[in-house]
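Please look at the model first and then take the points in order.

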Amino acid sequence: MASRINTNFTLIPNQKLRRSNRQTSCCSKTLGSGFQPISTFGNFKALPLEIFQIILKYLSVKDISMLSMVSKTVSQHIINYISTSSGSKRLLLQDFHNLELPDRRQDSAILEHYRSLGLLFKRCTLLLPTKERLKYIHKILTEVSCFKFNGCAAPMQCLGLTCYGMFLQTLTAGWDELECHRVYNFLCELTNLCRKMQMAVCSKPGSARKLELRIRLFCRNVLLDHWTHRSDSAFWLTRILKPWPMVNQARLLYIIFGPISPQDGQVVWQKMIEEPTDEFSLKGLADAIKLLYDASTKEWTADDVISLVDELSVVPREWLLENNARLLMLSGNNICFTFMASKAVNGRTIELARLIVFLALVCEKELYCMDWTVKMMQKVCKVFSTPMERNNFLQNVANAFACVIMEMLQSIMSAQTHAVSASHVHEFLMSQPSASQLKKPLACQGSAMSGRL
């Protein structure tokens, strides 16, 4: 007897449905034939693109950056909005030279705007590779002339580079070192920064004043001044200095952090070699040295930093010892002691003794506690391995004090003699009937007087 064939089995379809399709089919049966899948653009899908961009005009930059994280599609539409003429005009503020408000409220407002703009670009370009992110951002920012190395005709009165630095700091915050390396290399290629630095450090100091000023402003305002963590500042300063030999590192450090003229902001090269300077002129250099010394990186050892300080003290020529002593005191106890111990180990005891004298002189001038100098000298004495070396050093200190005191006395006596001689010349001139008749004899007498002095 033939058995019946069971026809109640499920037919296998020729083409398998994907899981997403099966879920959609199931939902369609449940919700009805009028159901449509939800778009990643959300409820904005019903809006024309023009209306969406009009809505963006009513949002702050912070709100737009939050909106960009909704989905990839929304982020792409925001990127397209930034690329439009109306979007770039609204977002890329260029009021960098309006310094009318005395309390600098407008300055802080535009800086905060570019901080928010950096966050917006950070979020919009999150899924792009670093190289593509930088290319896109450069394409947008190239419209702002004050963001360029030589873009502004009045850089000292311009906030452009400062805003650019704030933007980059927000954009790259949290990036790993490899990505930040790429950012620095990208900026160097974009601005030809390395070539400009080479021209500055290979030229005679002060012969390229405008170029030195541009390098200083770009490095300080764009790369260094906006970081809150010292490790970040040390990273960027290392990128600037490390490609160069030590002598050029010292020159660059002076260009970027050295004293400047209050009138035009240009680097003053003769300040350290002609007269004693103040703490304000040395503070930038001291802070940079401490930054490198305290950096928790293998790229800078204590010997590297001490060698840099030693090299810096002869830029452009040998500094006055008082200025050298002041820089060491501002750099902190560790750097000051390490620098002095290095001289002791290398047998440069006469230089060390004179440095001790000028450390005491700076303490006296600035009303610092003289115990600091005494304790520093006691620590240095422990560096010497034998009593003979220690006694020799102490004798050099005594001799150095005697020499400096004699130099001071001679300068005081010379100034007094010069003042007396000048008063005698004045009395002589007043007693003569006619200056034209005595012109030649006076010249001879002046030569004789200067010879006696």
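1. Accessibility comes first. A residue is called buried when its relative accessible area is under 20%, exposed when over 50%, and partly exposed in between (1.4 Å probe, protein chains only). Arg-115 has a relative accessible area of 34% and is therefore partly exposed. Glu-112 is also partly exposed, at 34% relative accessibility.

2. Some notes on the basis of the values follow. This is a predicted model, in which local features need pLDDT of at least 70 and side-chain atom pairs count only at pLDDT 80 or more, while totals for chains, interfaces and linings use all residues. Residues are numbered from 1 along each chain as its sequence is written, and side-chain values use heavy atoms, with hydrogens and water left out.

3. The protein chain has 22 helices and 0 strands; helices (H or I, at least four residues) and strands (E, at least two) are DSSP runs, numbered from the N terminus. Of its 453 residues, 40% count as buried. A contact means heavy atoms within 4.5 Å. Among contacts between residues at least 6 apart in sequence, 68% join residues at least 24 apart.

4. Which residues have the most contacts inside the largest nonpolar core? They are Ile-78 and Phe-96, in a core of 120 residues. Helix 19 (residues 349–365) supplies the largest share of this core, 10 residues. A nonpolar core is a set of buried Ala, Val, Leu, Ile, Met, Phe, Trp, Tyr and Cys residues joined through side-chain atoms within 4.5 Å. Leaving aside neighbours within four places in sequence, the residues in contact with Ile-78 include Phe-52, Leu-56, Leu-120 and Cys-124.

5. Helix 12 (residues 230–241) and helix 13 (residues 246–257) have axes that come within 10 Å and cross at roughly 125 degrees. Helix 12 is therefore oblique to helix 13. Axes are lines fitted to C-alpha atoms, for helices over the stretch in contact, and angles run from 0 to 180 degrees between N-to-C directions. Angles under 35 degrees count as roughly parallel, over 145 as roughly antiparallel, 65 to 115 as roughly perpendicular and the rest as oblique. Leu-237, Ile-240 and Leu-241 of helix 12 meet residues of helix 13, including Leu-252 and Phe-257.

6. The whole structure contains 13 salt bridges, each a side-chain nitrogen of Lys or Arg within 4 Å of a carboxyl oxygen of Asp or Glu. One of them joins Arg-115 and Glu-112 at 3.4 Å, N to O. Both residues lie in helix 6 (residues 105–124), 3 residues apart, or about one turn of the helix. Lys-290 and Asp-287 form another, with the closest N and O atoms 3.7 Å apart; they too are 3 residues apart, in helix 15 (residues 279–294).

7. Lys-343 pairs with Glu-351 in a salt bridge of 2.9 Å, N to O. Lys-343 is buried, at 7% relative accessibility, whereas Glu-351 is partly exposed, at 39%. Shared partners join Asp-310, Lys-343, Arg-348 and Glu-351 into one network of salt bridges.

8. Glu-212 in helix 11 (residues 209–224) deserves a separate remark. Glu-212 is buried yet has no salt bridge, and the nearest side chain of opposite charge, Arg-251, is 5.4 Å away. For charge, Lys and Arg count as positive and Asp and Glu as negative, while His and the chain ends are not counted. Not counting residues up to four places away in sequence, Glu-212 touches Pro-205, Gly-206, Ile-255, Val-267 and Trp-269.
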